[in-house]
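Grab a pencil and work through these exercises one at a time. Try each task yourself before you read the solution under it.

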Amino acid sequence: MNANPSGWRPSTPEAVTLDGEGAPTSTGNRALMLEEGLIFEIGSLNNCGVDLPTPSAETSTRLGGMSRSTPPALPGLSEPEMVRHYTRLSRQNYAIDLGLFPLGSCTMKHNPRLNEKVARMAGFADLHPLQPMNSIQGALGVIDELAHWLVTLTGMHSVAMSPKAGAHGELCGVLCIRAALEARGDPREVMLVPSSAHGTNPATAAFAGYKVEAIPAGDDGRIDFAALKARLGPDVAGLMITNPNTCGLFERDMIAICEAVHAAGGYVYCDGANFNAIVGRVRPGDLGIDAMHINLHKTFSTPHGGGGPGSGPVVLSEALAPYAPLPYVTKAADGSFELVEEGDEGAGESFGRMAAFHGQMGMFTRALAYILSHGADGLAQVSGDAVLNANYVLRALEDVMEAPFAHAGPCMHEALFSDEGFAKGFSTLDVAKALIDEGFHPMTVYFPLVVHGAMLIEPTECESKAALDEFIGALRGIVERARAGDEALHLAPLYAPRARLDETAAARKPKLVWSD
Amino acid sequence: MRYLPLTPADRGDMLSAIGASSIEALFADVPSAALLDGPIESLPGHASEMAVERHMARLAGQNTAAGEAPFFLGAGAYRHHVPASVDHLIQRGEFLTAYTPYQPEIAQGTLQMLFEFQTQVARLYGCDIANASMYDGSTAAWEAVAMARRITKRGKALLSPGLHPHYAGNIKTMAKFTGDQIVYDAPSLSADAGEDALIAQIDGETSCVMVQYPDILGRLPDLAKIAEAAHAQGALLVAVVTEPVALGAIRSPGELGADIVVGEGQSIGVGLQFGGPYLGLFACRSEHVRHMPGRLCGETVDASGKRGFVLTLSTREQHIRREKATSNICTNSGLCALAFSIHMTLLGGTGLAALAAENHRLACLAADKLAELPGVSVLNDSFFNEFCLVLPTDARALVRDLALDGVLAGVSLGRLYPGEEGLANGLLVAVTETTSEDDIDALVTAIREKLA
Amino acid sequence: MTRYFTEDHEWIEVEGSNATVGITDHAQEQLGDIVFVEVPAAGTAVAKGKEAAVVESVKAASDVYSPITGEVTEGNAALEEDPALVNTAAETDGWFFKATIADTSELEGLMDAEAYAAFCADLD
């Protein structure tokens, strides 16, 4: 016989035990976990992954003496090298596609791939924003149709579609308020913002020229209505309020709050970051608000993309609608669409343009596909399941974690806990980093500011009961260790691509670009 | 509903665990007057993937896509070929469905990409540093005006007439509310990029001079001359680049003396997308870093000494500084930055130069052929891939008519500057590597026929 | 020389009509690693209780209030290069600025070291 010339002898593997990280490898890689250099280290200035005609040396140029003598110092890679580089980088990221991503107030829901497909249809993706109206009727139709459903879902008068992100939408809403006040000859100086608000609220109000005053939260995690009423007066332009708020609670007094602000001559801006909790069940217009931005990348599932692009249309009350930014889409009697731009009829009272072109079309197509996919029944189920999931997490953990505001009643779509009860020296950060080792993205930490060591958990409607049970089990175990003072928690994460990073060193001597 | 994993049985079990009678009971805090007692009116029920796709395809079909016609539009948005690998990679779920890298240990992919992106932008612009991107070029331009005010403590910004009118419009809107003084006039139809007239307006109150390069009419202003004059008055030069491919052929604004360089990155990797989402680029001198808006990614080490990346200098930002932040901006344009970075990595410096050369070659060809039309002239002495034609007729009406004949001829100045009589006959024509010589001939023929 | 403390955790050392101002050791401990300090330039007018300097850790930016009204004679340039001095020597080399005192009566009501220690103990 010819006895096994390959030399490969199948056998049962022996049990392996290794201390700590185990033996180092010569590459620094660990099987599927591959280290990757920077393009400046692996690429070269002459390499190129695109086939282009070689420039002819004789061609005369009309560059007016501005020609450059050498190409920019940018490294290039061939296509296979490039694909490998970015594929390796991608594997160092956590993502919704990998697991539960319970980042409070961020609404990390599933991003349907149908939306990606429709956004890439040539009739949307390959359109220039300044094509003549007769060649873009379908695109204007998308904007008009999405606008219609946003207005319908919020019970408002109209919507400004051009803001490019949530904070940009906030700015749009506050500028509408300012324009309306100035138009009635009553410019006011102060914008009221609850202390639990997201940082963009005061930053936006200050940017729009307002003096920002904080209104404290009451003991129940809701705005202190008495303090608000006491502060209202002829110098108050309005109130920026988040509802459901950043503590995960519905502002029960919302209708009365709006009435009080209106009675004092001000307007109410609602931060719509948490609209997912109520979509399809509550129309913010019925509460009496004047403006609210809608994060299409939260409630309507457009991808977060590692930090944008977002999209932040702003729904407006009848009082603020005339001041909406340019451009906007109108429908003629014959059913055709027009864009109203600078100098066009009807642009008169608008406060002006707040970005080039017409907004985040690539997000509009995705959001419209999402709304149509869910329909009226599906959207009500979205908010219902989102709230159910959050309450399930809240009740499953409240015996080991302090829930400062939700003892008595339900929360909305996110559950808020504090670090009370942790052993001395153990923090919310330790819990967050330990969750990474368990295979979860941490919750939002240290926000809102009104709760010490805040942990804000928003599971969204896209998690199954099994996924929630696994998460609850992991978090419970970690919190028990934090309460008991298990020192090993400070070492987490142990199994991520990187251990805890030195943010102090990064900030003291910032290195923001690569250099040899 | 296909996106919702809970089963009716799960919901029942979970409600029992919570001790609630129904999902509706969890909405007890909502005033009953505001709680709907049925589904949203007029919105149909849920729809299948196939039905939604069909609806969207019908709307898409009502547009003339750029690829279906001889196409010559630019004016701040350019049609370039995006390699197939770019769109494939940005759809990897680990990039597409990740969030802002607040937990750096599990976001090194996004963070390293941003660090590479910042370096690419800084080098492209000839600046020391760049941020992790802004919403788009027009909003980045406003942020530069605000930043120049913070640095110089002066409140008057001088905008060149060659600045994109939408950028100027956005800046004027913002300035109304912040109290900045903005000096801006529409351009006139002249081959002269207007450096001397601009320099004459700079004074000791000027915070910055903002100059687009190439400008809205495609002209190439002498940035070095303007930089020198601005610096002599203690003002900053802010350069705006709406066509980054140009920087493969012309000298970088930083090298010519610009203190801040901002612009639109859409040309590289992002695509037209009917105007958004786009990609704001923002770079400056390192001494101004603490006045910079937007996210910044920086290099550091982890607890075991390995190189890693984090978001840094975040005390400038709204979530910490609240009403004292440098900007209210909360996001960047992450996925578009990724597309830009991937495409730029494929090109490299030599590829970008070759791409730019091809754009310029075709633009020169188009300009020569169009200039031969009777009554038509090319305004520019200098240009990169876009120039201004002066027609013997109203350009906006001509563009509309040509679109009906299946030719997307360019951007009329009437569209960009409504009501400016002196500009009504101007037509901006952009030519890129996606333009074929047949397309150019089709445009020449179509205009000739309309003018006959 | 006399040293006083404020409820906002600044210290002020007074010699005649000249003062040196910094933040307390307790304050630097609460802030964590300091990464950046912005001190006022000589000639800057400061007012009692108003913002005079900024101190930043990775996750927080705090205003430092002047305990007195006066004019800055020197900002501590060493902090620009080495903000960690505030962590290692908050009440000595990590001082923020020196200033003239316009009205010494403003010092009335500030705490001495013992009172400040008791004040901090109450906060914990």
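**Exercise 1. Find out what radius of gyration chain C has, and how that fits a compact globule.**

Step 1: a compact globule with 124 residues would have a radius of gyration near 14 Å. (The radius is taken over C-alpha atoms, and the globule rule is 2.2 Å times the number of residues to the power 0.38.)

Step 2: chain C has 13 Å, so the value agrees with the rule.

Step 3: Along the principal axes, the C-alpha atoms of chain C fill roughly 35 × 35 × 20 Å.

Before going on, a note on what you're looking at: this is a predicted model, where local features need pLDDT of at least 70, side-chain atom pairs count only at pLDDT 80 or more, and totals for chains, interfaces and linings use all residues. Residues are numbered from 1 along each chain as its sequence is written, while chains are lettered from A and ligands numbered from 1 in the order in which they are written.

**Exercise 2. Work out which pattern of helices and strands chain C follows.**

Step 1: count the elements. Chain C has 4 helices and 9 strands. (These are DSSP runs, numbered from the N terminus: helices are H or I with at least four residues, strands are E with at least two.)

Step 2: read along the sequence, and you get β-β-β-α-β-β-β-β-β-α-α-β-α for chain C.

**Exercise 3. Describe how helix 5 and helix 10 of chain A cross.**

Step 1: get the geometry. The axes of helix 5 (residues 137-154) and helix 10 of chain A come within 10 Å and cross at roughly 55 degrees. (Axes are lines fitted to C-alpha atoms, for helices over the stretch in contact, and angles run from 0 to 180 degrees between N-to-C directions.)

Step 2: name the arrangement. Helix 5 and helix 10 of chain A are therefore oblique to each other. (Under 35 degrees is roughly parallel, over 145 roughly antiparallel, 65 to 115 roughly perpendicular, and the rest oblique.)

Step 3: list who meets whom. Residues of helix 5 of chain A, including Val142(A), Leu146(A) and Trp149(A), meet residues of helix 10 of chain A, among them Phe364(A), Leu368(A) and Ile371(A). (Two residues are in contact if their C-beta atoms, placed from the backbone, lie within 7 Å.)

Step 4: sort them by class. This contact of helix 5 with helix 10 of chain A has 10 nonpolar, 1 polar and 1 charged residues. (Ala, Val, Leu, Ile, Met, Phe, Trp, Tyr, Cys and Pro count as nonpolar, Asp, Glu, Lys and Arg as charged, and the others, Gly among them, as polar.)

**Exercise 4. Decide whether Val282(A) is buried or exposed.**

Step 1: locate Val282(A) in the loop between strand 5 (267-271) and strand 6 (291-293) of chain A.

Step 2: count neighbours. Val282(A) has 25 other C-beta atoms within 10 Å, so Val282(A) is buried. (Buried takes 20 or more, exposed 12 or fewer, partly exposed is in between; C-beta atoms are placed from the backbone.)

Step 3: look across to chain B. Leaving out residues up to four places away in sequence, Val282(A) touches Val30(B), Ala34(B), Leu35(B) and Leu36(B).

**Exercise 5. Find how many residues chain A and chain B each bring to their contact.**

Step 1: chain A gives 177 residues and chain B gives 174.

Step 2: helix 10 (residues 361-397) of chain A supplies the largest share of chain A's side, 22 residues.

Step 3: by class, chain A's side that touches chain B divides into 94 nonpolar, 54 polar and 29 charged residues.
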